[in-house]
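Look at the sequence and the structure first, then read on.

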Amino acid sequence: MDGNGRWAKQRHRPRTFGHRAGQKAVRAIIEACLRRGIEALTLFAFSSENWQRPKDEVGALMELFLKALDREVGELHGHGVRIRFIGELAAFAPALRERMLAAMDKTTGNTKLALNIAVNYGGRWDIAQAARQVAQAAVRGEIDATRIDEAQLGSHFALADLPPLDLFIRTGGEKRVSNFLLWQLAYAELVFSDALWPDFDADHLDAAIADFAARERRYGKTSAQVSSAYSGAH
Ligand code: IPE
Ligand code: MG
């Protein structure tokens, strides 16, 4: 979700004004995903690099997260949303962390939409923490280190239980992945939108989904193979 700052600047307002507008866009997109029966939505809300922003902007973002949690969790729960925060949560203030954990606890049994909010998250962090877990299992003698493969490492990622990632959308015109779900992006379709995040609405989402639906996903095979009904046969 990129472009909050520029959206505010266009209106001669402080960056936090853009972040507040960005929150409204988040609400609208979650609703749109619920209506469309989308199984999982992962939002990159705060990267491990965002701590480097000016102190007052980081503080304002934390305040917004806190208020949003208090305000939105009950309603999301009512809609059957399972909320998960992914990232290094230990870095957050206890009050915020407790609310994150409470939201995850409360909604853990929900199945309508898996809503994942990446905070203090980095794709490299996710790979490193998965590697740490398999290394520890090997040291304990539970697994054979020489047999660690993609599936085994993959089972330790933050969203390992979810289906493969289909569609990645970055708003704000930049054509970068910026350390989001690096491993999971291997075969995702990438859509880059020039819309600034606060302007990104259900119509933009539908356009991205239409773009996605028109693509041929070959997973390394030929076009003839994937268009044939027998492409799965060996
Ligand atoms: C939102 O957009 C991303 C967050 C970290 C909340 P930005 O704050 O990066 O907006 P721009 O890129 O300055 O326009
Ligand atoms: Mg930005």
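Is H19 buried or exposed? H19 is buried, because its relative accessible area is 7%. Here buried means under 20% relative accessible area, exposed means over 50%, and partly exposed is in between, with a 1.4 Å probe and protein chains only.

## Basis of the model

This is a predicted model, in which local features need pLDDT of at least 70, side-chain atom pairs count only at pLDDT 80 or more, and totals for chains, interfaces and linings use all residues. Residues are numbered from 1 along each chain as its sequence is written, chains are lettered from A and ligands numbered from 1 in the order in which they are written, and side-chain values use heavy atoms, with hydrogens and water left out.

## H19 and its helix

H19 belongs to helix 2. Helices (H or I, at least four residues) and strands (E, at least two) are DSSP runs, numbered from the N terminus. Apart from neighbours within four places in sequence, H19 is in contact (heavy atoms within 4.5 Å) with N4, R53, E57, L61 and L64. The side chains of H19 and N4 make a polar contact at 3.1 Å. A polar contact is a pair of N or O atoms within 3.5 Å; within protein, one must be able to donate a hydrogen and the other to accept it, and residues adjacent in sequence count only if both atoms are side-chain atoms.

Helix 2 has 22 residues and spans 31 Å from its first C-alpha to its last, close to the expected 32 Å. The expected span is 1.5 Å times one less than the number of residues. The buried residues of helix 2, including G18, A21, G22 and A25, pack against helix 1, strand 1, helix 3, strand 2, strand 3 and helix 7. Just after helix 2, G37 has a positive phi of about 70 degrees.

## The shell around ligand 1

The residues around ligand 1 (those with a heavy atom within 4 Å of it) are M1, D2, G3, N4, G5, R6, R15, H19, A45, N50 and R53. An oxygen atom of ligand 1 is 2.7 Å from a polar backbone atom of R6. For G5, a backbone N or O atom lies 2.9 Å from a ligand 1 oxygen. R15 places a polar side-chain atom 2.8 Å from an oxygen atom of ligand 1.

Helix 1 (4–10) and helix 2 (15–36) are the elements that give two or more residues to this shell. Helix 1 gives the most, with three residues.
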